[in-house]
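The following note is intended for a colleague who is meeting this structure for the first time. Please read the numbered points alongside the sequence and the model.

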Amino acid sequence: MTNQRLSCGLDLCCAVNLNDCLIYASESRYDFICVSLVHPLFKREFISGPAKNRPGPLTRPDLILNSSDWNNRIIAKFSSLINVDSTNPIIRKNSEETLNQELGLASHFGLSGVTLKLKYGINKNVNLARIISDKISNHNCTFQVWIQVPMENPIRQTYSYRTEDYPEDENPWEWWNSFRVICDYNKKLGVSLIVSHDLPEEEEIDRWLGEPVRCLILPTTLFLTNKKGYPVLSKAHQALVRRFAVQEVQFILTGASRYQSVSYYHNYLDYLWKGCQNDGTVEKFARGYEDYLQCPLQPLMDNLESQTYEIFEKDPIKYREYQSAIYEAINAIVYKMQEERTIIIMVVGAGRGPLVTASLNAAKMAYREVKIYAVEKNPNAIITLQALQRDMWKEKVTVISCDMREWNPPDKADIIVSELLGSFGDNELSPECLDNVLKFLRDDGINIPQSYTSYIAPMQSSKLYNEVRQLRDKDKHPLAHFETLYVVHLQNKYDIANPKPLFTFKHPNTDALADNSRYEIKTFQVEQNCVLHGFSGYFTAVLYENITLSIEPSTYSSDMFSWFPIFFPLKEPVQLKAGDEIVVHFWRRCGSKKVWYEWCLSKPIPVSIHNITGRSSVIGL
């Protein structure tokens with residue numbers, strides 16, 4: 001969470017004087033109000049009828065509030081009389097004109113948001129979706145449209161009190177999904193989720209977490225009264241609020257107040273909100289980078305900057321685990337050693353020296369003499385290594401300014417240590433680098449890490465899909481960004497299935513012919529209707545024996561922040577049904593000067609191969 005403050009609005013069924021309403025809301029600590037722009041009973045007729053030529057203003061003038069209040073403190077509700085999908089052509093035409101009139105008013109007032117309620121499936125909302133899409137697709141449109149969707153179908157809630165079976169009903173998520181598809185996933189479209197008394201299944205709530213939920217609408221009837229006479233939510237509703245608070249949603253309180261002051265509701269929500277503030281190590285580090293697309297580092301092709309080194313060196317977990325692995329490896333070497341000698345450790349890709357320090361610390365713990373070679377190709381990082389060698393490490397460390405693949409060492413190593421791992425394990429070309437330094441290693445030598453495995457999982461994230469879609473590069477095809485992998489701190493997403501292992505690499509690689517190309521097929525089962533936007537990627541690494549590092553969710557190394565997950569997008573969202581099988585094909589392809597990934601689907605529908613021949617995204621050797 002990046003926002004330390006609760007944002008909560010008050011839904012007013014009637015607002016006689018907007019200034020008075022804003023003062024009332026402000027005194028009760030609410031940030032904004034939801035009001036109708038036109039009186040709810042003010043019926044307009046544009047085809048024929050007595051109201052067609054009615055004189056006088058349609059509604060309040062803009063002069064009653066200043067521009068800042070219109071923009072920041074008012075969310076507009078549309079007239080409940082509007083029915084643009086009516087089978088009656090006169091009602092439909094009148095409704096279309098009324099809706100366009102109110103949309104025009106929202107633009108004129110400079111509102112930041114408008115809201116309307118879905119009561120049915122897409123069959124009764126196609127024309128509404130067309131009008132909304134037409135408006136928000138205009139570049140001059142400055143407001144967002146919040147689509148109010150109930151968490152549970154009202155029909156199901158009605159029949160929960162009856163003994164007979166309820167008729168087959170459509171899940172409200174389907175209403176929203178179809179509506180946003182018709183609107184072409186426009187980023188100005190968001191969800192206002194109306195929280196129900198009976199919450200849906202946990203899986204359905206998880207699915208909503210992958211949607212652009214802008215706010216939770218909380219009816220006052222949800223609140224219980226505690227022993228002190230104040231409003232509180234049930235344990236289940238508290239858990240719901242906490243889960244959505246992580247995504248910094250806003251809240252809207254609707255319904256009549258049952259307490260002395262409506263501020264009591266706000267005070268309670270503010271208390272819940274503050275309890276959701278997570279100041280853990282990873283949360284502090286990632287603050288502001290939630291769902292932010294970043295291109296993976298290419299340290300083999302590019303020289304990293306000092307700031308990048310500094311960030312990764314702050315990781316409290318990674319180097320602790322590396323030090324433990326080196327310590328265990330030293331003990332294993334000593335156990336096999338036939339004669340007393342100095343242990344040779346090579347740190348390849350030494351950066352600014354954190355692994356050199358970890359190796360020296362491990363040797364000190366094991367009471368062993370070591371000789372360390374710190375190999376680094378970045379001439380700027382070499383300056384730091386040479387300074388550390390002169391001032392701290394002394395003769396124990398020899399600094400080598402060279403690409404590890406071109407170095408000819410004077411000795412063979414007992415232990416080779418590297419931190420060439422990327423968010424997908426092998427995406428920073430660790431296999432290619434470590435295969436080239438195999439000749440440095442003694443026959444009974446140890447590689448740290450010993451192995452690493454990448455993982456993939458299907459994912460729904462309307463947010464990330466829109467983020468990729470917005471990317472533009474004049475030198476690239478518009479779809480090229482959908483054939484690129486991104487490092488992302490995933491937050492606004494729904495995991496369709498659990499991750500499965502993909503590619504594994506082991507070191508030292510003693511194969512007669514080292515081949516780091518890979519091809520795997522993975523199958524995932526779909527539990528409920530959802531949308532596939534791409535695949536999340538993770539890795540686990542075995543540093544030595546049982547000492548591991550992992551960003552895969554089920555085995556995640558707590559408090560480690562050196563790696564965010566990776567994201568493989570799809571060019572077009574794939575609509576999934578419960579019971580479907582997702583069959584994804586992944587390739588790791590190798591050329592003389594580059595490595596790249598390709599991916600495609602064969603089920604539930606065939607999807608073309610992304611990044612064929614590495615046309616959009618490669619990793620340079």
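Helices (H or I, at least four residues) and strands (E, at least two) are DSSP runs, numbered from the N terminus.

1. Basis of the note. The model is predicted: local features need pLDDT of at least 70, side-chain atom pairs count only at pLDDT 80 or more, and totals for chains, interfaces and linings use all residues. Residues are numbered from 1 along each chain as its sequence is written, and side-chain values use heavy atoms, with hydrogens and water left out.

2. Domains. The protein is divided into domain 1 (8-159 + 169-277), domain 2 (306-419) and domain 3 (453-620); these bounds come from an automatic or database domain assignment. Taken over C-alpha atoms, the centres of domain 2 and domain 3 are 32 Å apart.

3. Interface of domain 2 and domain 3. Here 14 residues of domain 2 are in contact (heavy atoms within 4.5 Å) with 12 residues of domain 3. The buried area between domain 2 and domain 3 is about 1,000 Å², and carbon and sulfur atoms give 74% of that area. Buried area is the accessible area (1.4 Å probe) that two parts lose on being put together, summed over both.

4. Composition of the domain 2 side. On the side of domain 2 that touches domain 3, the elements giving two or more residues are α11 (306-313) and α12 (318-336). The most comes from α12, with eight residues. By class, this side of domain 2 has eight nonpolar, one polar and five charged residues. In this grouping Ala, Val, Leu, Ile, Met, Phe, Trp, Tyr, Cys and Pro count as nonpolar, Asp, Glu, Lys and Arg as charged, and the others, Gly among them, as polar.

5. Salt bridges. A salt bridge is a side-chain nitrogen of Lys or Arg within 4 Å of a carboxyl oxygen of Asp or Glu.

6. Arginine 29. Aspartate 270 forms a salt bridge with arginine 29, and their closest N and O atoms are 3.4 Å apart. This pair links distant parts of the chain, 241 residues apart: aspartate 270 is in helix α9 (residues 263-275), while arginine 29 is in the loop between α1 (18-27) and β2 (32-36). Arginine 29 also has a positive phi of about 80 degrees, although it is not a glycine.

7. Cis peptide bonds. Isoleucine 448 and proline 449 are joined by a cis peptide bond with omega of about 10 degrees. Proline 449 is in the loop between β15 (441-448) and β16 (451-460). The bond from histidine 507 to proline 508 is likewise cis, with omega near 0 degrees, and proline 508 is found in the loop between β19 (500-506) and β20 (518-525).

8. Annotations from the record. In an unreviewed entry, UniProt gives "domain: PRMT5 arginine-N-methyltransferase" for residues 282-448; this span is 40% helix and 19% strand, and its end C-alpha atoms lie 25 Å apart. UniProt also lists residues 451-619 as "domain: PRMT5 oligomerisation" (unreviewed entry); that span is 5% helix and 50% strand, with its end C-alpha atoms 20 Å apart. UniProt positions are given in the numbering used here, feature names are shortened, and annotations may be inferred rather than shown by experiment.
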